[in-house]
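Here are my notes on the aromatic contacts. Please read them with the model open.

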Amino acid sequence: MYTSLLRDERGPLAFGAACTFLSAPGQTFFISLFIGALSDSLGFTAGDLGSLYLGATLGSAALLPYFGHWIDRIDLRRYAASVMIGLAVSCAVMASAAGPVSLFIAFLMLRLSGQGLMSHTGMTSVGRYFVSRRGRALSLVVMGFPLSEAVMPALAVILIGAIGWRATYLAVGAGVLLIALPLLLWLIAGRQAFTQPTAREEGARRPSAWDGARIVGRTAYFWLVLPLLIYMPLTATALIFYIQPIGEAKGWSPTLIASAFTSYALFHALAILLGGGLVDRFTARNVLAATGLPMVTGIVLLGLIDAPLTAFAFMGLMGASTGLAHTVISAMWAEVYGVERLGTIRSFSVMLVVAGTAVGPALVGPMIDAGWPIALIAGLFAVFGTVATVLALAGRFRARLPA
């Protein structure tokens, strides 16, 4: 099935996967590699950088609907080019950061253009174009994320060591502008059906930035699945962000923790492919409630068992939920609310996800500082996840959805 899909639609799929791959300069895993250099160069403490990053992430989340809804209004080639130019400029701003204000602006622009809009461009364009094979198509596009996680950190470390952190971000921005931009536009050249926004009914008004909130907010389904949509990114970011102090409390070595990330990456990739097939066979609405179950199981193991193998099980199950969520949630928006305003709706949902990734570490950090047992922290997250899963299941069976 994947072979025929790749043969028939390799241009749009390569475009979508390239977009998710190129979200790296604004992703936490990439920016975190520059924290030590930023501290040494600009004199910020870890707390200073954490506060700036939290504020910038929340700011980018608030701005996302304003920029994200334009994908429903203009040709995809113009939209993608604008986003990539913005990402290149963001890299240049980061390279020139000299104080708290400029660094905050750099973080804000990177989070908005990279993590937010590059991901949004790839997922939305593919989600609205494919129908019968949407799940598999999205799973292939989402593979850009783990591929980026595997390739970009090593490249960044090599460049930082060779030319310094500022020149590294300049080089990344130049690569986006001079290499990636022409390549992505070439991949979708002549694909009018893929690049044109979904046609609106005659007389329908153009989408606005906050239409996504208005459309989904009036359905019971949204409010029932919202806790699960927030739970997964909030929990994954919070617990992985603090995996080193959690591991220290359990007697895990830094080497063991680093090795456990291979389990996360493996199960992340496998779950992405599995999720695509499940969506096409059972629909995203039917699968959504199950996406958080591996994460809840991993958190229960984290709270109850200190054995070294628990690190691999916990990280693998977290990766499994993350991979399933990437594919299933993206398909769910198109399936439930249609594709005419998919970009507007999805940009609002991504705003919530990004906000969750910012809030998670802020919640767990004080718990760890106050000496809360890891079992108690894990128990609270497991209860939260269980409740969120039950509500999402209720949404599947009881909510009245739009036609």
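Predicted model: local features only at pLDDT ≥ 70, side-chain atom pairs only at ≥ 80, totals over all residues.

1. Tyr231 is buried, at 0% relative accessibility. Buried means under 20% relative accessible area, exposed over 50%, and partly exposed in between (1.4 Å probe, protein chains only).

2. Residues are numbered from 1 along each chain as its sequence is written, and side-chain values use heavy atoms, with hydrogens and water left out.

3. Rings of Phe, Tyr and Trp (its six-membered ring) pair if their centres lie within 6.5 Å; planes under 30 degrees apart count as stacked, over 60 as edge-to-face, the rest as tilted. The count is eight aromatic pairs. In one of them, Tyr129 and Phe194 have ring centres 5.2 Å apart and planes at 90°, so this pair is edge-to-face.

4. Tyr129 lies in helix H6 (residues 100-129) and Phe194 in helix H10 (residues 192-195), so the pair ties together parts 65 residues apart in sequence. Helices (H or I, at least four residues) are DSSP runs, numbered from the N terminus. Tyr129 is partly exposed at 23% relative accessibility. Phe194 is buried at 1%.

5. The rings of Tyr231 and Phe384 have centres 4.9 Å apart and planes at 75°, so they too meet edge-to-face. Tyr231 sits in helix H12 (residues 220-241) and Phe384 in helix H19 (residues 374-398), 153 residues apart.

6. Phe15, Tyr129 and Phe194 form one aromatic cluster.

Notes
Helix = DSSP H or I, 4+ residues; strand = E, 2+ residues; numbered from the N terminus.
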